[in-house]
Amino acid sequence: MIEFESVTKRYPDGTVAVDTLSLTAPTGQLTVFVGPSGCGKTTSLRMINRMIDATSGSILLDGRNVSDVKPEQLRRGIGYVIQHAGLFPHRTVVDNVATVPYLLGHDRRQAKRRALELLERVGLDPAFAERYPAQLSGGQQQRVGVARALAADPPVMLMDEPFSAVDPVVREQLQDEFLRLQAELGKTIVFVTHDIDEAIKLGDQVAVLRVGGHLAQIAPPAELLSRPADAFVAGFVGRDRGYRALGFTEAGRLPLRDEPVVALGDPVRLAADRAQDDWVLVVDADRHPQGWLVPRPDLDETVLPESLNLGGTLASADGTLRQALDAALSSPSGRGVVVDADGRFAGTITATEVLARIEQRSAVARAEAVEAVGHRP
Ligand code: ADP
Ligand code: MG
């Protein structure tokens with residue numbers, strides 16, 4: 001657990017970067033610091049591992065004041081990941097990662113084996129191990145940076161905009177894989193970003209900072225979206241926060257419609273019979289959705305993977321309303337594909353149907369709110 005107790009940082013030129021910040025980052029959880037540029041995120045993060053010392057107040061790591069611990073010793077238990085990975089340019093990828101285990105006293109071969117394991121864990125192809133950082137893409141370099149920070153198996157990780165410099169598609173992949181990794185590892189993480197979407201996606205709790213290093217609100221993502229503490233937070237989480245909040249609303253039992261499907265390898269004719277000039281859903285032998293097809297009855301062929309339209313995200317039957325709406329809006333047929341827990345086709349739903357469900361939910365929420373106000377003592 002990391003505790004900030006009235007922590008202030010005033011730089012020598014008088015800039016107050018962090019102002020009486022008090023908050024707790026619980027053990028095994030991912031706490032995000034989010035806020036506009038210059039609001040004191042990096043300064044706050046670096047005070048945890050003493051790259052910067054606080055002017056006043058204290059930071060406790062598992063109950064111990066960090067200022068009582070030697071920086072080298074402190075940092076052994078704290079991994080640190082920064083925006084451009086901060087790799088050694090003249091060392092190979094595997095050596096970049098192996099440096100830490102080697103410094104910790106593993107022999108070279110052991111250190112290398114551990115490094116290769118870690119590279120695999122963060123999703124980097126082992127073929128890249130002997131390359132130099134400059135020969136990797138930005139996203140791949142970030143993976144190496146994460147692997148290196150994990151090399152000492154530190155209980156705490158500090159991450160300063162680690163995914164900000166890569167393109168949005170790669171960023172999403174890195175985020176997804178990082179979430180999977182964290183689900184396994186359960187590190188205590190403080191993650192800095194200026195991107196509210198990233199904060200909401202990754203954080204168990206999110207601390208919104210405003211310029212001057214003031215804490216505006218700290219709360220789990222769903223609460224931040226549904227009950228922003230003030231106008232600043234409301235503005236920062238954005239106009240479309242209602243849509244974002246759907247990401248936390250379980251869809252419940254959706255009114256799914258059954259859909260005639262064809263299997264890969266079936267004759268196109270069969271699909272034509274079923275669809276009558278409309279899109280038809282193609283599944284594999286286990287009923288896992290593969291894509292959509294507009295059958296052309298004149299073709300006497302079989303349904304091949306390369307003739308499918310792969311558009312459309314999948315929603316899971318026990319997922320959220322946002323997922324269901326995404327699936328419907330992104331589907332070429334206008335019918336969102338919903339799958340069961342095993343990924344098998346469960347039915348489809350249209351955007352209109354999801355919106356009706358959202359309406360229904362908001363009506364219930366409004367009624368509950370009115371009720372609550374009515375019963376206030
Ligand atoms: P963020 O990471 O949120 O962008 P920083 O923590 O880097 O913010 O900076 C917070 C404030 O402190 C900014 O106004 C910045 O200009 C200032 N600052 C950062 N480092 C120094 C420094 N070494 N000396 C003086 N001011 C600094
Ligand atoms: Mg910063």
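This report describes the domains, nonpolar cores and salt bridges of one predicted protein model.

Residues are numbered from 1 along each chain as its sequence is written, and chains are lettered from A and ligands numbered from 1 in the order in which they are written. Because the model is predicted, local features need pLDDT of at least 70 and side-chain atom pairs count only at pLDDT 80 or more, whereas totals for chains, interfaces and linings use all residues, and side-chain values use heavy atoms, with hydrogens and water left out.

**Domains and cores**

The protein chain is divided into domain 1 (2-239) and domain 2 (261-356), with bounds that come from an automatic or database domain assignment. The centres of domain 1 and domain 2, taken over C-alpha atoms, are separated by 40 Å.

In soluble globular proteins, nonpolar side chains tend to be buried together. A nonpolar core is here a set of buried Ala, Val, Leu, Ile, Met, Phe, Trp, Tyr and Cys residues joined through side-chain atoms within 4.5 Å, where buried means under 20% relative accessible area, exposed means over 50%, and partly exposed lies in between (1.4 Å probe, protein chains only). The largest nonpolar core has 46 residues, and of these Leu119 and Phe191 touch the most other members. Helix H5 (residues 138-150) gives the largest share of this core, five residues; helices (H or I, at least four residues) and strands (E, at least two) are DSSP runs, numbered from the N terminus. Apart from this core lies another, of 26 residues, which includes Phe33, Leu45, Met47 and Val66. Leaving aside neighbours within four places in sequence, Phe191 is in contact (heavy atoms within 4.5 Å) with several residues, among them Leu30, Phe33, Met159 and Leu202.

**Salt bridges**

The structure holds 14 salt bridges, each a side-chain nitrogen of Lys or Arg within 4 Å of a carboxyl oxygen of Asp or Glu. Three of them are listed below.

| Pair | N to O distance |
|---|---|
| Lys201 and Asp176 | 2.8 Å |
| Glu353 and Arg257 | 2.5 Å |
| Asp342 and Arg344 | 3.5 Å |

Asp342 is exposed, with a relative accessible area of 52%, whereas Arg344 is partly exposed at 33%.
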